[in-house]
Amino acid sequence: TEIIEVKNLSKYYERKIALSSLSFSIKKGELIALIGPSGAGKTTLLNTFATIVKPDEGRLVIAGIPSEKLTNRKTLAKKIGIIRQQFDLVGQLPVIHNVLSGRLADWGLIKSLVSLIIPQEKQAALKALERVGLADKFMEQTSKLSGGEQQRVALARLLLQSPEIILADEPVASLDPARAEDILSMLTKLAQEENQTLITSLHSVEYARKYFTRIIAIKNGEVFFDLPAEKVSDLL
Ligand code: ADP
Ligand code: ADP
């Protein structure tokens, strides 16, 4: 079943073309790496999937809903989860509050403070932290954790949000190679276990081949190639 349909999708900035009539579809459960040089259009494409950027032309259907109709925050949060290089965590708060905010469509931190006193909520957050190997740090101030650990907190938050689609924009760009592989293997494993669709932009073709099932290469806003990951090694 198709979870994302892209048909003749274009986006222009002034006179510059960021996305040039892209067409492809993505099936539920696929693990997709978007690769391509800087300025190719990867972030713009992910942002159109996130409904942050509005396409100028074409059709985009996400989990059966045309993207322009995905305006309700709660519906959107059920469909789409986002993970970024900068983690987007609140550093001053303990780890567990950042994790709990994944359950809340409006990211209400006051709500996360309140929900911590609900035993089931706390249990769910601790379980998610256990799955990313951070249960023992649940009350630590988030900013005191290392970069790799903070990205794992973001993964635990994503587990609680439990969206159908995960969009990750360069999720490991700020991490050293060992931490980057640790996060990518965890991210792809969790997505597979939850039968989620994962779309990640990446710099490294090596990581794309190692952890993903399909590689879409973008160049000048167009699809340069779109292949099963195991076929890409033959080309490069
Ligand atoms: P990538 O993520 O592959 O590096 P981007 O999607 O960020 O590529 O950028 C694609 C093109 O669109 C680039 O030429 C970039 O300069 C341009 N672009 C992206 N965002 C904006 C913006 N907000 N305003 C103007 N141009 C933009
Ligand atoms: P990771 O494997 O997650 O990248 P590191 O090897 O970088 O972790 O860090 C090891 C330990 O040092 C972690 O338990 C982390 O809490 C701590 N640590 C790392 N960076 C900082 C920091 N900036 N402030 C406080 N503690 C830190």
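**Figure 1. Packing of helix α6 against helix α7 in the predicted model.** Helices α6 and α7 are roughly parallel to each other, because the angle between them is about 10 degrees and angles under 35 degrees count as roughly parallel. Helix α6 covers residues 147-161 and helix α7 covers residues 177-193. Their axes are 10 Å apart. From α6, the residues G148, Q151, R152, L155, L158 and L159 take part in the contact. Their partners in α7 are D182, I183, M186, L187 and L190. By residue type, this contact is made up of 7 nonpolar, 2 polar and 2 charged residues. An α-helix has 3.6 residues a turn, so residues three or four places apart point the same way. In α6, L155, L158 and L159 are among the residues that meet α7.

**Figure 2. Surroundings of ligand 2.** The residues around ligand 2 are K137, K144, S146, G148, E149, R152 and R179. Two of these, G148 and R152, also belong to the α6 side of the contact with α7. Polar side-chain atoms of several residues lie beside oxygen atoms of the ligand. For R179 the distance is 2.5 Å, for K137 it is 2.6 Å, and for E149 it is 3.0 Å.

**Figure 3. Surroundings of ligand 1.** Ligand 1 has around it Y13, K16 and A18, together with P37, S38, G39, A40, G41, K42, T43 and T44. G41 contributes a polar backbone atom, which is 2.9 Å from an oxygen atom of the ligand. K42 and T43 contribute side-chain atoms instead. An N or O atom in the side chain of K42 is 2.8 Å from a ligand oxygen, and the corresponding distance for the side chain of T43 is 2.7 Å.

**Figure 4. Helix α1 and the residue T51 that follows.** Helix α1 spans residues 42-49 and is mostly covered, with 7 of its 8 residues buried. The buried residues are K42, T44, L45, L46, N47, T48 and F49. K42 and T44 are also among the residues surrounding ligand 1. Just after the helix, T51 takes a positive phi of about 60 degrees, in a residue other than glycine. T51 belongs to the loop between α1 and β4 (57-62).

**Figure 5. A63, a second residue with positive phi.** A63 is in the loop between β4 and β5 (65-66). Its phi is near 50 degrees, and A63 is a residue other than glycine.

**Figure 6. S10 in strand β1.** Strand β1 comprises residues 2-13 and includes S10. With a relative accessible area of 3%, S10 is buried. Neighbours within four places in sequence left aside, S10 is in contact with L19, S20 and S21, and also with P55, D56 and E57.

**Figure 7. D88 in the loop between β6 and α3.** The loop that holds D88 runs between β6 (80-84) and α3 (95-100). D88 has a relative accessible area of 32% and is partly exposed. Its side chain is joined to that of R84 by a polar contact of 2.8 Å. D88 and L160 are 72 residues apart in sequence, with a C-alpha to C-alpha separation of 16 Å.

Notes: Residues numbered from 1 in each chain as written. Chains lettered and ligands numbered in written order. Predicted model: local features only at pLDDT ≥ 70, side-chain atom pairs only at ≥ 80, totals over all residues. Heavy atoms only, no water. Axes fitted to C-alpha atoms, helices over the stretch in contact; angles between N-to-C directions. Helix = DSSP H or I, 4+ residues; strand = E, 2+ residues; numbered from the N terminus. Parallel < 35°, antiparallel > 145°, perpendicular 65-115°, else oblique. Contact = heavy atoms within 4.5 Å. Nonpolar A, V, L, I, M, F, W, Y, C, P; charged D, E, K, R; others polar. Buried < 20%, exposed > 50% of the residue type's maximum accessible area, 1.4 Å probe, protein only. Polar contact = N/O pair within 3.5 Å; in protein donor to acceptor, adjacent residues only side chain to side chain. Near = heavy atom within 4 Å.
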